[in-house]
Amino acid sequence: MIQSETLELLEWHRLCQHLATFAATKLGATAARHLKIPDSQTQSEQLLEQTKEIYQLETRLTTGLSFEGIQDIGDSLERAERGGILTGEELLAIATTLAGARNLRRVIDNQEDLPILTDLVADLRTYPELEQEIHRCIDERFQVTDRASQKLGEIRTDLRRLRSQITQKLQNILQAKSGAVQEQLITQRSDRFVIPVKAPQKDAIPGIVHDTSTSGATLYIEPNSVVPLGNQLRQIIRREQAEEEAIRRVLTELVAAVKPDLERLLAIATTLDLATARSRYSYWLGANPPRFIQREDREIITLRNLRHPLLVWQQQHEQGQPVVPVDLLISPQIRVVTITGPNTGGKTVTLKTLGLAALMAKVGLFVPAREPVEIPWFDKVLADIGDEQSLQQSLSTFSGHIRRISRILEALGNGEDEGDEGESHAPCPMPNSLVLLDEVGAGTDPVEGSALAIALLQYLANHAQLTIATTHFGELKALKYEDDRFENASVEFDESTLSPTYRLLWGIPGRSNALTIALRLGLKPEVVQQAKTQVGEATDEVNQVIAGLEAQRRRQETKTAEAQVLLQQAERLYKEVSAKALSLEERESSLRASQEVAVQQAIAQAKGEIAQVIRRLQKGTPTAQEAQQATNALNQIGQQYQPVTPAKPKVGFMPKIGDRIRVPKLGQIAEVIAAPDQDGELSVRFGLMKMTVKLEDVESLDGQKAEAIVKPKPAPPAVTPPPQNVPEIRTSQNTIDLRGKRVADAEYILDKAISEATGPIWIIHGYGTGKLRQGVHAFLQHHSRVNNYEPAEQADGGSGVTVVHIK
């Protein structure tokens, strides 16, 4: 009973109503409104995994998971099992439900990493043959089709033929007796075809009167000539109805035969829809998946930026006030938290928010808090919130609270070992209940109420996993300093605006601020001032201390926020520096790789030139000196790109002025007064004596020998080598092919090549008409960098090639 009361106090039914709006089917909405709370942590974890996988699946799908076609066919299945005959609409609903369930299974099976959902739909049977048979026999208007059976098709053929005969006869009568009829119309009354006849002219068309107009001026008569056909038509209609019923009976029997599987299908579809509703509601709330912790393993309850889900809904849909989140970080040894502070400060909302968060986690919903969300799995959530005053039951406020608290203690005591209540620090094995108490001990004498509240909280410290209690009693604030299982918290009050901020402050007991609030609400200042004199100096001093702690807390929070900003800036700079360092490393590697490629290409090119020279040697044209020069060029390229190993610095001792050294020959320790000169001599002093010693005759105090001074060798006189003719070698790099070019284009190419050249250039212009050669020679004559030019040797092309020598 108390757990049902708790759900009412926490307004759990409202949250379930909100959840139901995210369901896609009637079954899912009904299940959401009557949400069952699991009895074990394993069930809760299973539900959470379903929610996570649906959340993950819907992020992959462009349109989300579709439940189109799935309907509530539970009543139809029951009636089919009891022998009833289903209507066409009910049968078609079963067919569309089978198709919708098959589509759900197909979507889930096509995805990876969804083990819970895949296992859920693994046993789903959708009976495509039953669906096809229903669609064959029932059309979109829920009527039995002609193709349902041969007999029905023949009956309907007869019906159409007979109706056509009746209509034709009536048309003939209308034309023949046009003066007696009210209008040219054929209609029906009680499944009989009739025509409207003027009342005074009824004898003109003898027959059976089936109906009369309201005014009595028109009679609806079935002519005698049509009556036999009408009787025959009625008989055929009854045969049609009997055949349709027989077809629907067969289909109903097929449905009844697989009723257990269809009920299982409904249950799976409902489970999927409910999981989808949980996922979509969690996404709408901006919630995060919780992790169930074990406080025995010293894990901390972590709920940062926790928001009340009903207040979030009110803000979004009912233009409510912005929701102020609370932070709940509760150490594993804490069993009781007392929240103090002014009225309307948010204490009760904090209780309800935590209670709803615990229940949401149990049913597989995400919790509207910042990651990580870490909370114990509470087997019971019990609350005493609000005023249970009842005139009908003769209950006062205090009596109502005590009755409810008694039921809470009774629920906690079921199946638990009471233990030794005298040992407050040796509780019984850790229970798993969450107890929420609002204004504990209120409604009676403050002294007795305070004593009762202290005793109750000490009892709950031994018998509940966690208790959160709000109070105005100052004595309860001191429990923290007597028992390390207690903690204080308070709701913040902004004295500058004389209004609460709804923020929860930890470690600091709150002030009720009743007098301040009374003044803000309009109570006369002189009354408030008189009340302050009655409070006493001691209470005022305590309030000042608390105010000082609150101010210190605010300063600390400001510094923490500033430090957080600096930390974020440092992390950002670290990431930028790391990225730049990585970029430089990659660039260095790229340059090294490109350099190695260039070296290989240069070596390959030099080897190619060597091969050309060797081929020329084999032909007898070039000289051996040219081959030797090409070989030297190859060696120079190799040496140019070989890494130079830096010389290792010599490690040794070099005395400096002021150093203390040892002179082994004299057995004395001396002080250096002049540094060593180029001859390796230095001046030292020991005692009153000064002398000059050789560098090799001294050592450091740790026995290190002095480093010898190497005299620089005189540079040899520069010898100017006699000038020699360096043979010119033609390569692909210094050869330009202008064949097929116009003179204007050739001049541009030549100018660029000459400006970049460091040696002779071979220009191939060919023979042809000679215009290109003349244009090239004219251009070379006026170029400032051209020393001279001449035709190439016959082996290099003769007069079809011009060799240009650069200044």
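**Close-up 1. Thr 467, a buried residue of strand β12.** With 0% relative accessibility, Thr 467 counts as buried (under 20% relative accessible area; exposed is over 50% and partly exposed in between, using a 1.4 Å probe and protein chains only). Thr 467 belongs to strand β12, residues 466-470; helices (H or I, at least four residues) and strands (E, at least two) are DSSP runs, numbered from the N terminus. Neighbours within four places in sequence aside, Thr 467 is in contact with Arg 335, Val 336, Val 337, Val 435, Leu 437, Leu 457 and Leu 460, where contact means heavy atoms within 4.5 Å. Please keep in mind that this is a predicted model, in which local features need pLDDT of at least 70, side-chain atom pairs count only at pLDDT 80 or more, and totals for chains, interfaces and linings use all residues. Residues are numbered from 1 along each chain as its sequence is written, and side-chain values use heavy atoms, leaving out hydrogens and water.

**Close-up 2. Glu 244 in helix α10.** Here we turn to a residue of helix α10, which spans residues 227-257. Is Glu 244 buried or exposed? Its relative accessibility is 14%, so Glu 244 counts as buried. Beyond its neighbours within four places in sequence, Glu 244 is in contact with Val 144, Leu 152 and Arg 156. Val 144 lies 100 residues away from Glu 244 along the chain, yet their C-alpha atoms are separated by 6.3 Å.

**Close-up 3. Helix α11 packing with helix α12.** The axes of α11 (residues 259-285) and α12 (residues 309-317) are 11 Å apart, at an angle of about 70°. Axes are lines fitted to C-alpha atoms, for helices over the stretch in contact, and angles run from 0 to 180 degrees between N-to-C directions. The angle makes α11 roughly perpendicular to α12 (65 to 115 degrees; under 35 is roughly parallel, over 145 roughly antiparallel and the rest oblique). From α11, the contact involves Tyr 281, Trp 284 and Leu 285; from α12, Pro 309, Val 312, Trp 313, Gln 316 and His 317.

**Close-up 4. An open, mixed sheet of four strands.** The strand order is β20-β21-β23-β22, and two strands pair if DSSP finds at least two bridges between them. Strands β20 (735-737) and β22 (786-791) stand at the edges with a single partner strand each, so one side of each has no neighbour in the sheet. From one strand to the next, the twist averages 20°. Strands β22 and β23 (residues 801-806) run antiparallel and are joined by five bridges; Glu 790 has Val 803 of β23 as its bridge partner.
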